[in-house]
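Visitor: I am new to this structure. Could you show me how to read a few of its features?

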Amino acid sequence: MIIPRRGLLVRRQLLQLVLFYAAWEMGNGQLHYSVLEESQHGTFVGRIAQDLGLEVDELVPRMFQMESQGRGNYFEVNLQNGILFVNSRIDREELCVKNADCAIHLEVIMDKPLRVFHAEVEIQDINDNPPIFSAGKQTLNVAESVLLGSYFHFQAASDADMGSNSQLKYKLNSTDFFAVEEKINDQHSISLVLVLTKPLDREKTSGHHLLLTATDGGQPELSGRVHLEITVIDANDNAPVFNQSVYKVKLLESVSDGTLVIHLNATDLDEGINWEISHSFSNNAPSNTFAIDPDTGEIKVKGKVDFEENSIYSIEIEAKDKGSPPLSGHCTILIEILDVNDNAPEMLLKSMVVPLPEDSPPGTVVALISISDRDSGANGQVNCSLWPPGIPFKLVSTFKNYHSLMLAEPLDREQVAEFKLVVIAQDQGDPSLSASSSLVLPISDINDNAPTFSQPSYTVFVKENNPPGAHIFTVSASDSDVAENALVSYWLDEKLWPLSSYISVRSESGRVYALQPLDYEELKMLEFQVRAEDAGLPSLCSNVTVQVFLADENDNAPLVLGPKEGPIPLMVPIMAGQIVGKIHALDADSGYNAWLHYELHELANGPWQVGRSNGEISTTHVLDEIEGSSTYDLLVLVKDHGKLPQSTTATLSFSLLFTSQMIHVDAHLPGTSINPGALVDNGNVYLIIAICAVSSLFLLAVIIYVALRCQSQVKETMTYGPGTATLVCASEVGTWSYSNRHSHILAGVSGEPGAKSDFMVFTPNIPVFAENGELRNGKELLPDPSGEPLP
């Protein structure tokens with residue numbers, strides 16, 4: 001079956017995707033790359049953006065950044081194509097020493113939304129280090145009596161590379177006497193020995209000069225050389241012998257300087273000087289860590305032992321006698337260093353969002369935390385926690401010892417403006433060690449609080465007749481936000497109807513001013529709303545109702561409704577105390593300022609008196625034809641009860657008519673010739689009829705007017721509230737009194753202002769003429785509703 005080339009390519013790509021996804025799942029979300037050490041700058045490592053499922057054009061807008069934890073800036077990412085490349089030289093031996101696993105962990109951070117990825121770049125070893133001997137020349141004394149197959153230890157070469165690059169092969173130049181071999185003990189420790197393959201004869205050859213070459217297994221191969229100088233001496237038959245070839249010792253890393261590690265016991269069957277043994281390190285032992293007593297063979301700690309630097313030591317010990325030639329025996333000491341919890345956890349904390357907006361949703365990553373502990377086992381296992389408890393944050397483990405500090409609950413800056421957190425890392429050693437890192441998280445404000453007035457509503461009392469621009473009140477609102485979100489300005493809410501001609505509010509202070517003098521007689525109350533608005537985006541506002549009640553001042557003098565032109569005719573005789581007239585006065589003020597009283601002027605004379613509270617004019621004694629004067633002028637003073645009372649005057653004129661004067665006037669009417677008897681009879685009849693008709697019409701008009709006013713007052717009372725209409729019967733004088741108080745409230749709805757009036761109506765005394773022609777009753781002054789006196 002033939003498969004098209006394009007189909008094979010597609011299948012290969014699909015297979016790669018499947019394999020990559022499986023690798024991703026197995027790595028718990030971690031990418032894995034590898035690169036050779038010593039790679040040049042710009043060497044391609046991997047398409048990290050593509051492997052993470054990111055688009056190249058979103059790397060810059062989402063603030064792509066990459067960090068390598070504590071390993072230097074070895075790698076960079078090209079933001080134009082998303083390729084991970086080598087940024088600086090990497091020396092694996094310098095970076096990881098002899099560790100088998102050498103990798104650099106990368107942390108990739110993307111914003112909007114914030115995401116954290118992990119990648120690991122394995123540094124692969126190349127054969128860049130040749131085998132090295134500790135010295136270019138080594139000397140060895142060998143007794144000629146040494147048996148065939150005897151072997152002599154000497155220091156092997158070392159290679160800093162790993163794997164096959166550090167696997168060494170040794171080659172000795174052409175010689176029949178010696179061969180080089182590697183011996184591996186049961187602990188897999190390798191010792192390099194020189195094996196005698198042919199008997200020595202000092203007399204023939206007193207010395208051998210050999211060249212030993214060590215070659216590693218890298219490609220290409222690298223090699224190192226050492227010159228071996230072997231001196232053949234006369235034999236010391238027995239070499240020192242240890243009771244075992246390998247010693248194992250376990251040592252806590254916390255031991256003090258001078259602690260005994262082991263006491264070696266080597267024996268020599270010779271006697272004398274050939275029996276005396278000197279102990280020494282035969283290989284490149286850590287002389288700065290351990291010391292050996294050459295006479296006793298005691299090995300002690302010298303300085304400080306650190307598990308984190310080296311967990312196991314393999315030391316070759318040589319026991320050499322003092323014979324001539326000297327013989328030596330060898331053993332190996334394996335010292336295992338046991339870890340103690342002597343390293344506290346190390347923490348690196350990086351803040352991501354400072355300050356933190358108070359509207360941040362739960363799950364927002366606030367900081368990234370990486371924790372490490374150089375100890376091992378339980379001593380290196382670290383638990384991470386937050387302090388204090390009850391804060392709206394939580395720690396989430398993302399990968400191994402990496403954590404994210406996340407927001408767990410909604411924030412409210414007005415309750416808590418700043419959080420002080422302590423991240424605590426504690427290992428599981430005994431005793432446990434811990435480390436902590438503090439983090440201060442200020443919370444930035446958003447405009448989530450509207451201004452609040454100090455009261456739900458304001459009631460203000462202001463005297464009328466204020467000067468224009470007078471300050472009458474100050475409203476105050478507070479905003480629990482900060483900065484411009486708490487900057488409050490004030491405005492009149494003119495949605496119902498404009499108030500700009502009456503009231504203004506200073507936007508920055510909330511001071512309320514009256515733009516013009518306010519008149520209590522025109523309006524009793526102003527009701528309006530003030531809006532407090534902050535400067536946030538978007539701005540928030542709230543309203544408060546302000547009621548301004550006007551207090552009345554005594555700024556209106558009483559107003560007297562003038563009497564009819566000319567003197568009022570009165571027919572005598574008039575009884576004492578008989579009411580002959582009434583002063584009608586009004587005052588536009590209210591309360592005590594509108595309470596009037598009447599009094600005769602000091603210059604007034606005659607038999608008259610005035611009612612102090614009702615203004616009724618009556619006689620003090622009987623008036624008849626005996627009175628000497630026929631005309632009286634009365635000056636009446638009308639005052640209110642204000643704190644600074646105001647007053648006005650009214651003048652009434654009365655003319656007394658006597659019976660003889662009326663007859664005389666009627667008898668001399670020009671152009672008539674009338675019978676006196678018929679004049680009295682017919683004239684009285686016509687006069688009575690006319691007066692009755694006029695009086696009836698007047699009474700009917702008054703009744704209709706009172707009814708209409710009562711109906712109107714009921715409607716006004718229902719509409720405007722406090723004004724009520726009352727009817728009061730003045731029984732003592734046989735009259736009706738009507739009083740109306742109409743309050744006009746300016747509260748967002750305009751209404752027609754009602755007039756305020758007080759007036760008294762008296763039932764007129766209809767003159768009745770007796771058959772003998774005597775006029776007995778007088779005449780009263782009556783005002784009509786318009787304010788003019790009635791005839």
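Visitor: Is Tyr313 buried or exposed?
Guide: This is a predicted model. Buried means under 20% relative accessible area. Tyr313 has 9%, so Tyr313 is buried.

Visitor: Which aromatic pairs can I look at?
Guide: The whole structure holds 7 aromatic pairs. One of them joins Phe290 and Tyr313, edge-to-face, with 5.1 Å centre to centre and 80° between the planes. This pair links distant parts of the chain: Phe290 sits in strand S20 and Tyr313 in strand S22, 23 residues apart. Phe290 is buried too, at 1% relative accessible area.

Visitor: Where does Lys524 lie?
Guide: Lys524 lies over the face of Tyr520, 4.7 Å from the ring centre.

Visitor: And pockets?
Guide: Rolling a probe the size of a water molecule over the atoms shows where empty space is left. The second largest pocket here has a volume of about 1100 Å³. Its lining has 45 residues, and Tyr151, Phe152, His153, Ser328 and His330 lie nearest its centre.

Visitor: Which strand gives the largest share of that lining?
Guide: Strand S8 does, with 6 residues. By class, the lining counts 20 nonpolar, 20 polar and 5 charged residues.

Notes. Residues are numbered from 1 along each chain as its sequence is written. This is a predicted model: local features need pLDDT of at least 70, side-chain atom pairs count only at pLDDT 80 or more; totals for chains, interfaces and linings use all residues. Side-chain values use heavy atoms; hydrogens and water are left out. On a 1 Å grid over the protein atoms alone, a cavity is a set of points where a 1.4 Å probe fits but cannot get out, and a pocket is an open set with protein on both sides within 12 Å along at least five of seven lines; lining residues have an atom within 4 Å of a point. Grid points are joined across faces, edges and corners, and a volume is the space filled by probe spheres set on the points. Helices (H or I, at least four residues) and strands (E, at least two) are DSSP runs, numbered from the N terminus. Ala, Val, Leu, Ile, Met, Phe, Trp, Tyr, Cys and Pro count as nonpolar, Asp, Glu, Lys and Arg as charged, and the others, Gly among them, as polar. Rings of Phe, Tyr and Trp (its six-membered ring) pair if their centres lie within 6.5 Å; planes under 30 degrees apart count as stacked, over 60 as edge-to-face and the rest as tilted. Buried means under 20% relative accessible area, exposed over 50%, partly exposed in between (1.4 Å probe, protein chains only). A charge sits over a ring if NZ of Lys or CZ of Arg is within 6 Å of the ring centre and within 35 degrees of the ring normal.
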